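Visitor: Could you walk me through the charged pairs in this one? I have the sequence and the fold up on screen.

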Amino acid sequence: MESLEKRGRSLSLTCCLCMFLLQPQAAWTGDCPADGRTWVPFKDRCYHFVHGEEDKLKVYNYENAKSLCLNSELLSIQSAEENDFVVKYSPEVWKGEVNVWLGMYYDTNIEDMKWFDDEAVKFTNWEAGSSPLDFVPLDTCVAVHSDTGKWERVSCLDDLENGVVCETAQKAEKAKQKPSGLLSALVILSVIAIMAVSAVVWFLHQKRHPGSTVVTGFEYHPPFRAPDGDRSCLVEAEEFDSGP
């Protein structure tokens with residue numbers, strides 16, 4: 001009997017595990033802004049390549065470019081992968097070579113280039129022959145060539161560029177992921193196997209102990225109930241009549 005109880009506990013644990021696997025598991029997914037503009041996700045960021053009716057001026061100085069990036073920032077590139085993404089996706093939006101404004105400028109306090117969102121400059125891709133920082137004007141900004149991916153120092157005030165890309169972080173949200181078909185099939189097969197093993201255990205138990213049952217019986221005890229008012233009066237009357 002002890003062996004049967006152990007097997008029963010093992011089967012219960014297995015069933016609980018199967019039910020857990022069937023539950024939808026939580027996962028974190030990203031979400032780009034839903035503001036009517038076309039946002040392209042890449043890793044944990046979203047990018048909007050300004051084009052079409054929105055691209056009215058066709059050429060922009062730095063301040064004009066910034067004004068197009070509402071609730072977002074001008075493009076900042078932090079890795080070679082991100083730089084390649086911009087180069088590869090640009091032909092999907094623009095024809096020919098486009099010089100895209102970057103959200104980078106020369107900070108006189110640190111005497112070095114800096115991103116406007118205060119991120120550290122971890123990656124650069126300067127074109128050959130770029131002027132040394134010793135001779136950089138105070139109004140220096142940066143543009144990236146869409147055909148080569150090379151960066152060029154330009155004037156924030158005087159130069160006009162013909163490409164704008166806005167960038168923002170994806171909004172993390174919790175989403176439920178449905179269990180896969182393969183996982184569901186495995187769980188169903190596991191349940192069938194458990195039922196088969198249970199039937200074999202019950203059959204062997206009946207063979208060794210005919211007429212017995214695996215389920216432990218228990219004795220039912222009805223809850224205490226106080227006598228109602230009429231029965232209480234009857235008992236008191238009988239006690240009074242039988243008195244001395």
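This is a predicted model: local features need pLDDT of at least 70, side-chain atom pairs count only at pLDDT 80 or more; totals for chains, interfaces and linings use all residues.

Visitor: Which residue forms a salt bridge with Glu-167?
Guide: A salt bridge here is a side-chain nitrogen of Lys or Arg within 4 Å of a carboxyl oxygen of Asp or Glu. For Glu-167, the closest N and O atoms are 3.0 Å apart, and the partner is Arg-45.

Visitor: How many residues apart are Arg-45 and Glu-167?
Guide: Residues are numbered from 1 along each chain as its sequence is written, and side-chain values use heavy atoms, with hydrogens and water left out. Strands (E, at least two residues) and helices (H or I, at least four) are DSSP runs numbered from the N terminus. Arg-45 sits in strand S3 and Glu-167 in strand S9 (residues 165–169), so this pair links distant parts of the chain. The separation is 122 residues.

Visitor: What is the relative accessibility of Asp-118, and what does Asp-118 count as?
Guide: Asp-118 pairs with Lys-114 in a salt bridge, at 3.6 Å between the closest N and O atoms. Lys-114 is partly exposed at 23%. Asp-118 has 57% relative accessibility and counts as exposed.

Visitor: Which residues are linked in a network of salt bridges?
Guide: One link joins Glu-54 and Arg-37, at 3.8 Å from N to O. The network is made up of Asp-35, Arg-37 and Glu-54.

Definitions and conventions: Buried means under 20% relative accessible area, exposed over 50%, partly exposed in between (1.4 Å probe, protein chains only).
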